[in-house]
Amino acid sequence: MKTLRVNHLLGIKDLQPEEIQLIFETADHFKEVINRPIKKVPSLRDITIANLFFENSTRTKLSFELAEKRLSADVVNFSSSSSSVNKGETLIDTVNNILAMKIDMVVMRHPNPGAAHFLSTRVNSRIVNAGDGTHEHPTQALLDAYSIREKTGDVAGKKVLIVGDILHSRVALSNIYCLQKLGAEVKVCGPSTLIPKYIKALNVEVEPDLIKGLNWCDVANMLRIQLERQGGGHAYFPSLREYTMMYGLNKERLDRLNKEITIMHPGPINRGVEITSDVADSDHSIILNQVENGVAIRMAVLYLLASKIERP
Amino acid sequence: MKPITILNSEQFALTIKRLCFQLIENHENFEESVIVGLQPRGVLLADRLAQSLREILKSPTISCGHLDITFYRDDFRRKEKPLEASPTNMNFTVEDKRVILVDDVLFTGRTIRSGLEALVDFGRPRSVELLVLIDRRFKRQIPVQADYVGRWVDSIAAQRVGVEWAESEGKDRVIMHTTDEQ
């Protein structure tokens, strides 16, 4: 029988390809569960999970919460906007206070890279990283790769183009790790100001020309332009309009390709900026499949990690 | 120790046939009835029964589903490794149906308890019956009894009953091993 080697899900970097496959196989079963008339199983009924969101999130939080409830776990929610963090409490104090209430697992999003790792070395609870600054967002990468596997049969051998703000994107970094571990080829595409210098060290080629990139790839993952991380307006490119003209995906560009490609987006979409509505809503797009698969993947991660929690 | 044969291929075939006729006695043409095999080993028996019933009744419409009970088990986090799931394949609801739950070996009864819990997630059945190929009686930890039994076996805890299938092991038979460590 198979099991995860890691005790926490902090990043894709720590996972072996076999562990990713195990998560996928487990998610297959949960995908069947969430399509039943009664979409709930009792596996985690004696587990309590805290969702700590020190940064805004709608869909990730909703997806985790739904996954936890579908597994019958007890759930407590915390968001920094309505908490004592604003009164100057440190991360460790906040979390230790919550853990004193007998919490078995923590799902955390935090603006600082490495926050989940820091926590895992200091508290006695299973940690799932739901995004730490510009570092990693492992469950998003897992659900993206899972959606590619579902749509095209296998991830190995596929060519994936990641387009947009690579510099600020934890989704991009986790996706690169995940896709490469599963045997896919990855290129990134975007304005040179938004491509990090370390990208070469990851064995990822930069394709400055969107059309060439689209002609090369099987799957295009259109990242969101993160206006909130651009610091004082559009400092990384002259204007949104220019970005859209250079790197936006529209129907005309898609029609000019001599093949069909799969379109992904981690959400939330800036419609008309990185992708137009007719493309986002077309048959090529698997954006809503990604959302559905997110619940199944998170159920699988929580189930596999929870099974390693020792009983009192 | 050499394994003891409980059912050889001929006895195996006869027993399946007998179980089919017992089912027909109670369920007639199976219009209101469905067969549900428990994963991983009960589904082979369920498929075999459904196939035989279709041949005997000349009715191709007998419903047969596969139900996985992994996420309903009561030993989650009590084993070293995570419990590994198998596919569930239920393309019907059991609402107001007469369900025949099928497993290969009835031992402690815990699998059946989990199976009953999993089953109600697919609707409220009118009734549920239990069919097993082998009943290891006197070993129950939960008050569960079968309605249809292929063969009763008296065994001690160190013995293991193995149901082998032509589809997976090459031959239909039921054997009992005695493990050395005790």
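How many helices and strands does chain B have?

Guide: Chain B has four helices and eight strands. Helices (H or I, at least four residues) and strands (E, at least two) are DSSP runs, numbered from the N terminus. This is a predicted model, in which local features need pLDDT of at least 70 and side-chain atom pairs count only at pLDDT 80 or more, while totals for chains, interfaces and linings use all residues. Residues are numbered from 1 along each chain as its sequence is written, chains are lettered from A and ligands numbered from 1 in the order in which they are written, and side-chain values use heavy atoms, with hydrogens and water left out.

Read from the N terminus, the elements of chain B follow the order β-α-β-α-β-β-α-β-β-β-α-β. Five strands of chain B form an open sheet with parallel pairing, in the order β3-β2-β4-β5-β6. Two strands count as paired if DSSP finds at least two bridges between them. At the edges of this sheet lie β3 (63–67) and β6 (148–154) of chain B, each of which pairs on one side only. From one strand to the next, the twist averages 25°. Such angles run from 0 to 180 degrees between N-to-C directions, and the axes are lines fitted to C-alpha atoms, for helices over the stretch in contact.

Within the sheet, β2 (residues 33–38) and β4 (residues 98–106) of chain B pair in the parallel sense over five bridges. B:V36 has B:L101 in β4(B) as its bridge partner. Helix α1 (residues 9–27) of chain B packs on the sheet and touches β2, β4, β5 (127–137) and β6 of chain B; contact means heavy atoms within 4.5 Å. The direction of this helix makes about 135° with that of β6(B).

The chain as a whole may now be considered. Among contacts in chain B between residues at least 6 apart in sequence, 69% join residues at least 24 apart. Buried residues (under 20% relative accessible area, with a 1.4 Å probe and protein chains only) make up 53% of the 182 residues in chain B. The C-alpha trace of chain B spans about 50 × 40 × 30 Å along its principal axes. A compact globule with 182 residues would have a radius of gyration near 16 Å, and chain B, at 16 Å, agrees. The radius of gyration is taken over C-alpha atoms, and the globule rule is 2.2 Å times the number of residues to the power 0.38.

Note on methods. Buried < 20%, exposed > 50% of the residue type's maximum accessible area, 1.4 Å probe, protein only.
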